[in-house]
Amino acid sequence: MNDRDSERIAGILESEGYLNTDKVVDADLIVVNTCSIRQKAEDKFFSQLGRFKGLKKRRPALKIAVAGCIAQQMGMAIIKRAPYVDYVVGTQNIHAFKDLNALNSQIITEDNPQILELNFRSKRKNTLKALVNIMYGCNNFCSYCIVPFTRGREKSRASEDIINEIKELANKGYKEVMLLGQNVNSYKGDVSFAGLLRYIDSIEGIERIRFMTSHPKDLSDDLIEAFGRLKKLCEHIHLPLQSGSSRILQLMNRKYTYEEYLEKIQRLRGRCPDIAITSDIIAGFPGETEEDHNLTLKALKDIEFDGLFTFKYSPRAGTAASRLPEQLDEDTKDRRLQEINTLQDEITEKKNKRLIDSYLEVLIESPSDRAGFDFMGRTRTNKIVYVNSKNSIPYGSILKIQIKKANRHSLEADVERP
Ligand code: 5AD
Ligand code: SF4
């Protein structure tokens, strides 16, 4: 979501005549697009900001703007702490970059009902894969999470706008779209989310559809049915579990039990046996006992995710969980995180090894960033494949390739004749 916002900010600035520079000392305007999901992101932001202080002193004409979730959450407090910041632009007010000089306030963080209609030029990072917002905000209030406070209530874009955007992307040669929302299953346009997927599936030129993120409580039968039925919908779902303990899930306000989650996984695999499933886990939520933690480890063994994003619980000001009495010490949180990672590493590697010798569809995306390989691509299940080929392969090609080797975070393959 933040990456997409950065693309939109860059696009607006470019249409206003700004040029991008890699050298921060050359900049007339520095925009810091921030994340506040965990304390670590917030700490990084303030140390980064500190480095700009000297620049501003030397060149007072330099403007510094802070955007994103920290901007939304802290507002004026950012300028109190760092008086050399010129503008604080919240998550719903990206349009303010259209004319910063015309703003009559340094701080713009109000709710913006027009967020759905705003359609500025954006400067996309990738030429094959595009991020496409389908909704903004979140209504779920998971007890640990700051997002509902920083991104406001759920608002869905009209399906027509989304489809037009994707058609335009297809015309420009894009092959893949990633539909973005904090909780895409609760998309409420004039069609359901599954209905939206059906429309997008028929757009010529687009070969792959992905989405992120879906909430287990809202994962509908309709959506489960779409896997394996819609040709372009990739066989991958990111379905954050957070904890294997139903007691902790309840404290997290996730609104499902572990058993209910497992049942959805079984239905997904029943519908689409090769689907890759990835997840998020939080280690050390307040009050998490050794028994709860062991239930999470057991869940990982039972489910065998294809990959996992793991996080140490980080108390966020204003959230319900930050007020719970039994906050755990850092050592316990660190140890549990470590145990989760060690276990999942084994599982990920084991699962990848099962793919050796199979033929998988790979979209060739870019030159290899690893020495000894020519190209980098991804399978429909979103696994990275390093490819060797004596001949050149145009980016955007989709090939069936036999997997030769499997590592923990990637697969390897050779192409004789593309
Ligand atoms: N502490 C740790 N992890 C968090 N996440 C969200 N909020 C927190 C927090 N306060 C994780 C969740 C979510 C992912 C995007 O970030 O696992 O799914
Ligand atoms: Fe945060 Fe929960 Fe909303 Fe995801 S669904 S953004 S974890 S409140």
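## Surroundings of ligand 2

A residue is near a molecule if one of its heavy atoms lies within 4 Å of it. In this predicted model, the residues that surround ligand 2 are Cys138, Asn140, Phe141, Cys142, Tyr144, Cys145, Val147, Pro148, Gln182, His215 and Arg254. Sorted by class, this shell has seven nonpolar, three polar and one charged residues.

Around ligand 1 are Ile37, Arg38, Tyr144, Gln242, Asp280, Ile282, Phe311, Lys312, Tyr313, Ser314 and Arg316. The classes in this shell are five nonpolar, two polar and four charged residues. Tyr144 is listed around ligand 1, and Tyr144 is also listed around ligand 2. Two strands, S11 (276–283) and S12 (307–312), each supply at least two residues of the shell around ligand 1.

Which residues have polar atoms close to ligand 1 in the model? In glutamine 242, a polar side-chain atom lies 2.7 Å from an oxygen atom of ligand 1. The side chain of aspartate 280 has an N or O atom 2.6 Å from an oxygen atom of ligand 1. Serine 314 takes part through its backbone: a polar atom there is 2.8 Å from a nitrogen atom of ligand 1. Ligand 1 taken alone exposes 400 Å², and the protein buries 86% of that.

Helix H11 covers residues 290–303, which is 14 residues. From its first C-alpha to its last, H11 reaches 20 Å, close to the 20 Å expected at 1.5 Å a residue.

Which residues of H11 are buried? They are Asp292, His293, Thr296, Leu297, Ala299, Leu300 and Ile303. These residues lie on the same side of H11, because they cover an arc of only 155 degrees around the axis. An α-helix has 3.6 residues a turn, so residues three or four places apart point the same way. The face of H11 turned away from the buried side carries the exposed residues Glu291 and Lys301.

## A cis peptide bond

The peptide bond from methionine 212 to threonine 213 is cis, and its omega is near 0 degrees. Threonine 213 is found in the loop between strand S9 (208–212) and helix H8 (221–226).

## Asparagines with positive phi

Asparagine 253 is not a glycine, yet it has a positive phi of about 60 degrees. Its place is in the loop between helix H9 (246–251) and helix H10 (258–271). Is asparagine 253 buried, partly exposed or exposed? Its relative accessibility is 28%, so asparagine 253 counts as partly exposed.

Asparagine 382 also has a positive phi, of about 75 degrees, although it is not a glycine. This residue lies in the loop between strand S14 (375–379) and strand S15 (384–389). With 25% relative accessibility, asparagine 382 counts as partly exposed.

Asparagine 352 lies in helix H12, which runs over residues 330–353. Why does asparagine 352 count as buried? Its relative accessibility is 4%, and the cut-off for buried is under 20%. The side chain of asparagine 352 makes a polar contact with the side chain of lysine 383, at 3.0 Å.

## Distances along the chain and in space

Lysine 172 is placed in the loop between helix H6 (159–171) and strand S8 (176–180). At 61% relative accessibility it counts as exposed. Lysine 172 and alanine 82 are 90 residues apart in sequence, and their C-alpha atoms are 42 Å apart in space.

Two further residues lie in strands. Glycine 377 lies in strand S14 and counts as buried, at 2% relative accessibility. How far apart in space are glycine 377 and asparagine 2, C-alpha to C-alpha? The distance is 24 Å, while the two are 375 residues apart in sequence. Valine 362 lies in strand S13, residues 359–367, and counts as buried, at 0% relative accessibility. Valine 362 and leucine 29 are 333 residues apart along the chain, and 40 Å separates their C-alpha atoms.

Key: Residues numbered from 1 in each chain as written. Chains lettered and ligands numbered in written order. Predicted model: local features only at pLDDT ≥ 70, side-chain atom pairs only at ≥ 80, totals over all residues. Heavy atoms only, no water. Polar contact = N/O pair within 3.5 Å; in protein donor to acceptor, adjacent residues only side chain to side chain. Areas by Shrake-Rupley, 256 points an atom, 1.4 Å probe, with all protein chains shown as cover. Helix = DSSP H or I, 4+ residues; strand = E, 2+ residues; numbered from the N terminus. Nonpolar A, V, L, I, M, F, W, Y, C, P; charged D, E, K, R; others polar. Expected span 1.5 Å × (residues − 1). Buried < 20%, exposed > 50% of the residue type's maximum accessible area, 1.4 Å probe, protein only. Arc of directions from axis to C-beta.
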